[in-house]
Amino acid sequence: MPNDAYRHSWSHHLATKFMEDLDATSPNNFFLFIGRHHGWDDNNVEVSTDSREYTNVAMGNMIAIKRLDYRNAMMVVPRFNWTAGTAYTQYDPSLDHDKDDSEDAYYVLVDDKRVYKCIDNASGAVSTVKPTHTSVQIIETSDGYKWKYLYELTERMKEFMTDEYLPVAFAKQRLSDETLTQSIVQSQSVDGAIPFIKTVSSGDRTYEYSETTAKKFRRAPEASDTELLLSLSAKDDVGAYVGYVLYISDGAGDEVGITRRITSYNEAQRKITIAEPLGIVTYSNLTKYKILPEVVIHGDGEGARAVANVNSNNKISSITVVDEGKNYRQARIEIATTSDSGSSDGTFRAMIGPNGGHGSDAPYELNASRVMLLGRSDTDGFSGPWITENEFRQFGIVKNPVLNLSGVTNDNTIAGSEYARITELEIQKPYDVDITYKYDTISGTYKPGNYVMGAESNAVGEVYDWKPSTRGTYSILTVKNIRGDFIGGNPMKNQYRIIFGVTTGNDFIIGETVSQYEGGTTVDGATAQGIVEQWTTGNDYNELIVLGTTGSFISPAEGITNEIIGSNASYEVTYLETKGGELIKQYEQFGVTGDYRFVTVDTDLKQNYGRVISQGETLLDTVTRPTYRTTTKLRASVDQAYSQGTFDALEDLGITQEDASSLIETTAKIFTHQFVDGGAGGCTVDFYLTDVIGSFATGSTLEVGSLATTTAISVDLPEVVLGGGEIVYIQNIRPVERSREQEEEFKILLGF
């Protein structure tokens, strides 16, 4: 019995796997093909049949194929443009938002530029204020909607946009200005957060002691105080306010959002006792509080907090999240305060974000299950005619076609695999490497043919090219046929690598805050602060890894004291750089047995040649896209003078050769031709043929329309074996008038 319950998730998985197959590191190779230059019967577009015979016929009709890669593809989702006056669906983790032919508009495209997810739709109201922010926070607009910014379309993404579909992609770690904001959103998303609590139904319980109007303290409490003087109206009930929470609703900043349970109330002094101190400074002229029923969030995560919103009738109307928390997969909302009257509280649901958090992975969050392929029928890199004014009526996708290698049998080399895969690594020279990087091929620091290996990842690549970078002090190391992934730095984390000379004394403590005071003074406060992530001591130097939180740490400068100060240790900075990624070693082959050895950097026998800053995309080692002729090139001599019109008239007609002894005919259709040479007495012409049935023999006569005696001189078979791959998509179309060498653009939507 079919089970469609999770078909959408499975479809997203298949679409993702197809995108991975288009990566240059994949063993699979996909190609765009064009074919069928001759007409349809009765000029009606033929309906393609998903059969082996139809596939074989389509392969025989192919004109050329061109390799596709990740640059030709983009995952897409249904497009919903933001329009004022429209009610949008709020994201709900319990719903299937992506039903076939009835997808919910729980995300919007604004100004053909930015994409936002609807977190709260103001109880189904229409949206009148479009979101414009690019911050990581969920922002509420004045119409009551709450929006999460996901990403902005890049110029490449816009090529894949249609009236019906919106491109969506994950921003890779190697940043560009176009993907910077999305990368920030991805890196700062919180897994299992609860950004919104939905009111499912309203209850009838009332809470007499709620104080929903913000008030000031009679005296601002100290951070350690548990007894607080309030400016409340006197209550004669000793149990008043007990079981409610004190909520800091306004103030200078850091204290806002604190909640503390009230454990007792002194009516005479109008003083409450809270379960634990506020733990932070408050201000008598700024800090304000409310007293509200307590909201308790039960679940398998941690840190989520919320407060109740009480209306003028002392009933809970909604709940506001104060802290989203993290790592929740399930959660239940409870009103823990005993009500004054009524029989039931409202029902509230925790709207937990998707795995990874809102904004962590846009294709996953929007359940992208379709891929848009964009191909162009240009002549770029093609060794023969890709397209002329002759029409074609069929295009599609073929997977793993096999090269037709002359003189090689059963080779089964996949087209495209003959090119090396190359990857650029951005390299920084490590602190303790004293040599000067050289870039020539003879005495260069990295030599083509050697190999590099990551010290942590054990990724390996063969050195292909080595050159200085246009970015500062970095260099570009190009490796081919990479195995594994090198570990680069995280550009979204403000991390520093700080080197000190050999020091003795106390250690920095992991997790503590360290400070740097430019100029050596602490009077005006730290100019930079950060959290210690790693502290390593060694024989040559000590190393500190810091995650910067405020300001920018500075390198040594003449006459400036710039020590790093912790709780128990302080040292003068010797060297400072961005953290970067892993170290890499270089090794070479030597001796008659072909053994390998690591190459040392200098006389100190160090082996770490560089530090990886970032790893780029892997591409084929070719400037142009691999393109292959799928027609048979038949060179023939014709016993008549060449005339352009005469030979043009032969296109789409048949060509035949018969074996006199066996009476077996070889037939084909002429796609196009090229004049080679000739004069009044005859000419030599190359015919490009499709739908070849049989094998043409050289030296034998051909029947070509009304041409005079025509003899085969040579036969060049297609550059790939027709039938050696698998057609995975076919689209039949009507003929379109085209000029010679006109480029054609194809957009193919694949659903999974």
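How many helices and strands does the chain have? I went through the secondary structure and found six helices and 47 strands. A reminder to myself before going on: this is a predicted model.

**Entry 1: the whole chain**

I looked up the overall dimensions next. Along the principal axes, the C-alpha atoms fill a box of roughly 125 × 75 × 45 Å. I then checked the radius of gyration, which is 36 Å for the chain, whereas a compact globule of 752 residues would have one near 27 Å.

How much of the chain counts as buried? I found 46% of the 752 residues in that class. The exposed surface comes to about 35600 Å², and carbon and sulfur atoms supply 45% of that area.

I also looked at how contacts span the sequence. Taking contacts between residues at least 6 apart in sequence, I noted that 72% join residues at least 24 apart.

The chain has 66 positive and 105 negative charges. I compared their mean positions and found them 5 Å apart.

**Entry 2: helix α4**

Which residues of helix α4 are buried? This helix covers residues 180-188, and I listed Gln182, Ser183, Val185 and Gln186 as its buried ones. Looking down the axis of α4, I saw these buried residues fall within an arc of 160°, so they line one face of the helix.

What do the buried residues of α4 pack against? I traced their contacts to two elements, strand β7 (145-152) and helix α5 (362-365).

**Entry 3: two residues with positive phi**

I then turned to the backbone angles. Arg270 is not a glycine, yet its phi is positive, at about 50°. I located Arg270 in the loop that links β13 (259-266) and β14 (271-274). Is Arg270 buried, partly exposed or exposed? Its relative accessibility is 31%, so I put Arg270 down as partly exposed. The reasoning needs the cut-offs: buried is under 20% and exposed is over 50%, with partly exposed in between.

Where is Leu663 found? I found it in the loop between β40 (654-658) and β41 (665-679). The relative accessible area of Leu663 is 59%, so this residue is exposed.

Definitions and conventions:
Residues numbered from 1 in each chain as written. Predicted model: local features only at pLDDT ≥ 70, side-chain atom pairs only at ≥ 80, totals over all residues. Heavy atoms only, no water. Buried < 20%, exposed > 50% of the residue type's maximum accessible area, 1.4 Å probe, protein only. Helix = DSSP H or I, 4+ residues; strand = E, 2+ residues; numbered from the N terminus. Arc of directions from axis to C-beta. Contact = heavy atoms within 4.5 Å. Rg over C-alpha atoms; globule rule 2.2 N^0.38 Å. Areas by Shrake-Rupley, 256 points an atom, 1.4 Å probe, with all protein chains shown as cover. Lys, Arg positive; Asp, Glu negative; His and termini not counted. Charge placed at Lys NZ, Arg CZ, Asp CG, Glu CD.
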